[in-house]
Amino acid sequence: MMTAISIKTTSVLGAVFLLLRLTVGAQTVGLEIAKNAEPVDQTSFSATACGPAAMLNALKFGSESHRTVYQKLTGAGDVAKLRFVIGRYFDQPSLIFEHQKRFTKAGGVAHSDLLAALRDCAEENRLPELQGTEWVRDQGTASVEFVRDTHRKLRFSLIQETLPILGLRSQIARYDSETASWNWRKMSDHFIVVTAVPDELREGAHGFSFDYVEPNGGKLASGFIHAERRQAFAGYQGTAAKGRWLDGNRFLLVTAPSSYSLINGDRAKWHDRTLITLSYIISL
């Protein structure tokens with residue numbers, strides 16, 4: 001575990017996240033990453049390769065054991081290693097989609113298929129077994145408690161020096177003229193790797209900042225996970241083939257300016273309501 005006092009922000013986020021950090025406390029828990037570090041870039045293989053790239057980034061910037069595994073992977077450099085892990089751990093039958101591999105350039109990788117690939121890698125290299133959870137608030141759980149549960153889960157994995165992977169999902173509100181009603185529609189799914197969270201949350205906190213590795217472009221960034229308290233929304237749980245919309249603000253929202261590729265600019269205009277939900281967590 002590496003604990004450090006830090007109120008620095010990336011140039012992208014600026015003063016906004018400096019304020020957010022000050023509101024939740026400056027002491028963080030996580031693994032220190034050099035400012036000049038070069039994360040794995042998913043686009044070196046495919047625009048949809050965020051899952052395999054997140055897997056490789058979790059190894060590259062994780063504990064000493066994880067970094068040793070990263071170094072041992074076949075290939076000289078990130079691009080070659082990314083191709084190797086896709087061939088070795090993702091060229092297997094999907095747990096979700098019939099007659100399909102875990103990863104495809106057309107559709108990327110589903111939550112459970114990424115977890116399966118990560119578990120195969122962990123078993124082969126004697127790393128801790130990971131758990132995957134569809135991250136949905138129980139109706140009887142207060143949003144403040146759900147925020148605290150989320151922080152506790154990420155913090156525990158970081159203390160054990162295993163970097164959590166978050167599944168993010170974007171959605172947009174659209175008017176259906178046939179039913180004369182507004183409905184939510186899915187946009188994109190994405191995976192990122194958490195590297196640090198605050199050590200403690202203040203009593204009654206509705207959110208917290210976090211540092212992460214963004215595979216789209218290969219960069220270090222910061223974001224904010226929080227509960228929505230004012231505007232109602234529904235969120236999508238599961239895959240397109242086996243999923244459902246849940247109302248009642250059952251998901252936490254994520255503000256992450258460095259990951260706004262999740263919001264399709266061709267589909268979302270300035271007046272549209274768009275959200276990014278935290279839909280899945282892979283951690284210890």
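Predicted model: local features only at pLDDT ≥ 70, side-chain atom pairs only at ≥ 80, totals over all residues.
Reader: Which residues touch the most other members in the largest nonpolar core?

Author: A nonpolar core is a set of buried nonpolar residues joined through side-chain atoms. Here the largest one has 68 residues, and Phe90, Ile165, Leu166, Phe210 and Ile225 touch the most other members. Helix 2 (residues 50–60) gives the most to this core, with seven residues.

Reader: What is Leu166 in contact with, leaving aside its neighbours within four places in sequence?

Author: Its contacts include Phe191, Phe210, Ile225 and Tyr280.

Reader: Is Ser46 buried or exposed?

Author: Buried means under 20% relative accessible area. Ser46 has 8% relative accessibility, so it counts as buried. Ser46 sits in the loop between strand 2 (27–30) and helix 2. Leaving aside neighbours within four places in sequence, Ser46 is in contact with Phe103 and Lys105.

Reader: How many salt bridges does the count come to?

Author: A salt bridge pairs a side-chain nitrogen of Lys or Arg with a carboxyl oxygen of Asp or Glu. The count comes to 10 salt bridges. One of them joins Lys60 and Asp78, with the closest N and O atoms 2.8 Å apart. Lys60 belongs to helix 2 and Asp78 to helix 4 (residues 78–90), 18 residues apart. Both Lys60 and Asp78 are buried.

Reader: Where in the chain are Arg174 and Asp272?

Author: Arg174 is in strand 6 (residues 165–176), while Asp272 is in the loop between strand 12 (252–255) and strand 13 (274–283), 98 residues apart. Their salt bridge has its closest N and O atoms 3.2 Å apart. Arg174 counts as partly exposed because its relative accessibility is 22%; Asp272, at 17%, is buried.

Methods
Residues numbered from 1 in each chain as written. Heavy atoms only, no water. Core = buried A, V, L, I, M, F, W, Y, C linked by side-chain atoms within 4.5 Å. Buried < 20%, exposed > 50% of the residue type's maximum accessible area, 1.4 Å probe, protein only. Helix = DSSP H or I, 4+ residues; strand = E, 2+ residues; numbered from the N terminus. Contact = heavy atoms within 4.5 Å. Salt bridge = Lys/Arg side-chain N within 4 Å of Asp/Glu carboxyl O.
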